[in-house]
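Subject: Structure handover

Hello,

Here is the structure I said I would pass on. Please open it next to this message and follow the notes below with the viewer.

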Amino acid sequence: ENTSTSYGGAIENFENSTPAFANCVISNNSAFRGGAAANNGGSATYTNCTIVKNNATVDVASGAFIELNNTTSHYKNCIIWNNTTGDFITQAGSISNVSYSVTQTTQTGTSNLSTNPQLVDINDGNGADDKWFTSDDGFKISLISNCGSTGDNTAIPFYITGDILNNARILQVTVDRGAYEVDGANASDLA
């Protein structure tokens, strides 16, 4: 829940940096350009991230991300949803490689979806207890979601064994998309 009067509401990645983000939630951020993040001249990787409800106030099509100056960013097993107007603006020789992700706007790449991910409660990310990283978080996928067991296991970095709640990263045969792994055993997984 950050605000920038320039680029990248939550993250500004630039000058040949190569950050890797996994199992993270990036939500409710605002910037002139790139509501969630601005990737400028580097190469960022986002794996099993949930990126929702971010806002760009100038380049509104960059509600989630803006890619600038020969950036090559990778989005794998992510949920990028309900950001203002669009997901990405890609400029100046930049590339957004998107795979096994759910986005509001149709993206080229392997096994991407552009249908509602059916989160438990997109309007209450931290759940009824108002605490992040607990079993009632609203940004978990529901049991009727198209994100369950439809990710790419090979995209998960070797050092990641759990999800954002420290549940096993893969509870079924195939990883879920987004930051939360859901098995349906919890009543809070029902929507």
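This is a predicted model. Start with strand β10, which covers residues 72-76 and has side chains that alternate between two faces. Ser-73 and Tyr-75 point to one face and are buried.

Strand β10 has partners. Strand β6 (residues 45-47) pairs with β10 in the parallel sense, over three bridges. Within that pairing, Lys-76 of β10 stands opposite Thr-47. Strand β13 (residues 95-99) also runs parallel to β10, and five bridges join the two. Here Thr-72 has Ile-95 in β13 as its bridge partner.

Next, look at an open sheet of four strands, paired in parallel in the order β3-β7-β11-β14. Its edge strands, β3 (25-27) and β14 (102-103), each pair on one side only. For β3, the partner is β7 (residues 50-52), joined to it in parallel by three bridges. Ser-27 stands opposite Val-52 in β7.

Last, find Trp-132, in the segment after β14. Is Trp-132 buried, exposed or partly exposed? Trp-132 counts as partly exposed, because its relative accessibility is 30%, and the partly exposed class lies between under 20% (buried) and over 50% (exposed).

Which residues does Trp-132 contact, leaving aside its neighbours within four places in sequence? They are Val-25, Ser-27, Gly-125, Asn-126, Asp-137, Phe-139 and Tyr-180. Val-25 is 107 residues from Trp-132 in sequence, while their C-alpha atoms are 9.8 Å apart in space.

Regards

Methods: Residues numbered from 1 in each chain as written. Predicted model: local features only at pLDDT ≥ 70, side-chain atom pairs only at ≥ 80, totals over all residues. Heavy atoms only, no water. Pairing = 2+ DSSP bridges. Buried < 20%, exposed > 50% of the residue type's maximum accessible area, 1.4 Å probe, protein only. Contact = heavy atoms within 4.5 Å.
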